[in-house]
Amino acid sequence: MSQPIRWAYAFVDRPFVGFAAACDFWTAVTGTRLSEPRGERGEFVTLVPGKGDACVKAQGVVSGAGGAHLDLAVEDVRPLVADAVRLGAGVVADHGEWTVLRSPGGQPFCAVPWHGESVRPPVVAGPDGAGSRLDQVCVDLAPDAYAADVAFWGALTGWASHPSVRPEFHVVQQPAGLPVRVLLQRLDTARATSAHLDLACADVEATRAWHEELGAQYLARGARWLVMRDPAGSTYCLTERNPHSGGLPG
């Protein structure tokens with residue numbers, strides 16, 4: 001890694017047909033408001049918090065089911081792109097000031113310029129006071145793509161990289177003060193790489209009830225997480241991690 005990652009954004013990628021509903025939902029659960037749209041089709045918006053610097057954005061996509069991706073912000077984009085390519089990534093589109101890339105396992109991400117972001121937004125309190133925070137992008141990988149992306153994300157970011165408590169997960173832990181970390185999940189079967197968003201929750205059941213009131217749907221229960229579907233039809237997870245520290249209870 002030739003330079004430190006200064007900030008990271010979690011991107012909510014949703015089809016245009018459900019984009020307005022997605023923006024309404026994700027601003028509500030993150031305690032934010034929408035910026036003015038940007039892009040040729042008004043496809044980009046920032047979710048602006050009341051306090052701190054933004055760390056979540058949304059994009060309307062014209063094809064596919066949507067999902068999530070990371071934007072990594074640095075002082076100089078060119079060296080980050082060169083590092084990524086050297087580590088096995090491919091360049092998808094070079095927009096001059098920012099570049100779209102794809103990890104060795106097939107996950108899109110962007111290298112973008114840092115604009116001085118430094119203050120992490122606070123935990124968001126639900127109607128009953130239970131706190132939650134969108135703080136993780138989980139990359140879902142087929143078994144034959146998993147090892148390459150585990151090596152790639154740790155090397156590219158320079159962040160602490162270690163197995164999680166469950167064997168199918170690997171954590172790439174952001175430094176203190178940065179808002180979003182990476183979780184890599186090894187799937188049981190082969191399929192195309194994708195990513196979803198995770199929220200750390202002080203009380204997953206209370207957060208589930210709040211999200212359902214806002215139009216989300218409960219799908220399944222995992223070991224320490226709930227699988228949900230947002231109003232635009234994309235899945236995400238509510239985890240039992242502490243929304244302040246990101247750590248699991250106990």
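Modeller: In this predicted model, the second largest pocket holds about 710 Å³ of space. Its lining comprises 35 residues, of which C138, F169, Q185, H196 and D198 are the closest to the centre of the pocket. Several strands contribute to this lining: β10, β12 (169-173), β13 (181-186), β14, β16 (225-229) and β17 each provide at least two residues. By class, the lining of the second largest pocket consists of 14 nonpolar, 14 polar and seven charged residues.

Strand β17, one of those contributors, spans residues 235-239 and includes T239. T239 has a relative accessible area of 7% and is therefore buried, the cut-off being under 20%. Beyond its neighbours within four places in sequence, T239 is in contact with D198, L199, A200, C201, V204, R224 and W225. Among these contacts is D198, which is also listed with the residues closest to the centre of the second largest pocket.

The largest pocket contains about 980 Å³ of space. It is lined by 36 residues, and those closest to its centre are F44, Q59, H69, V100 and C110. At least two lining residues come from each of β1 (7-15), β4 (56-61), β5, β6 (90-94), β7 (99-102), β8 (108-113) and β14 (194-201). Of these strands, β8 gives the largest share of the lining, with five residues. The lining of the largest pocket divides into 15 nonpolar, 12 polar and nine charged residues. Strand β14 supplies at least two residues to the lining of the largest pocket, and β14 likewise supplies at least two to that of the second largest pocket.

The volume of the largest cavity is about 30 Å³. Around the largest cavity stand H69, L70, Q107, P108, V137, V139, W153 and V182. Strands β5 (67-74) and β10 (131-141) each contribute at least two residues to this lining. The class count for the lining of the largest cavity is six nonpolar, two polar and no charged residues.

H69 lines the largest cavity and is listed with the residues closest to the centre of the largest pocket.

Technical notes:
Residues are numbered from 1 along each chain as its sequence is written. This is a predicted model: local features need pLDDT of at least 70, side-chain atom pairs count only at pLDDT 80 or more; totals for chains, interfaces and linings use all residues. Side-chain values use heavy atoms; hydrogens and water are left out. On a 1 Å grid over the protein atoms alone, a cavity is a set of points where a 1.4 Å probe fits but cannot get out, and a pocket is an open set with protein on both sides within 12 Å along at least five of seven lines; lining residues have an atom within 4 Å of a point. Grid points are joined across faces, edges and corners, and a volume is the space filled by probe spheres set on the points. Helices (H or I, at least four residues) and strands (E, at least two) are DSSP runs, numbered from the N terminus. Ala, Val, Leu, Ile, Met, Phe, Trp, Tyr, Cys and Pro count as nonpolar, Asp, Glu, Lys and Arg as charged, and the others, Gly among them, as polar. Buried means under 20% relative accessible area, exposed over 50%, partly exposed in between (1.4 Å probe, protein chains only). Contact means heavy atoms within 4.5 Å.
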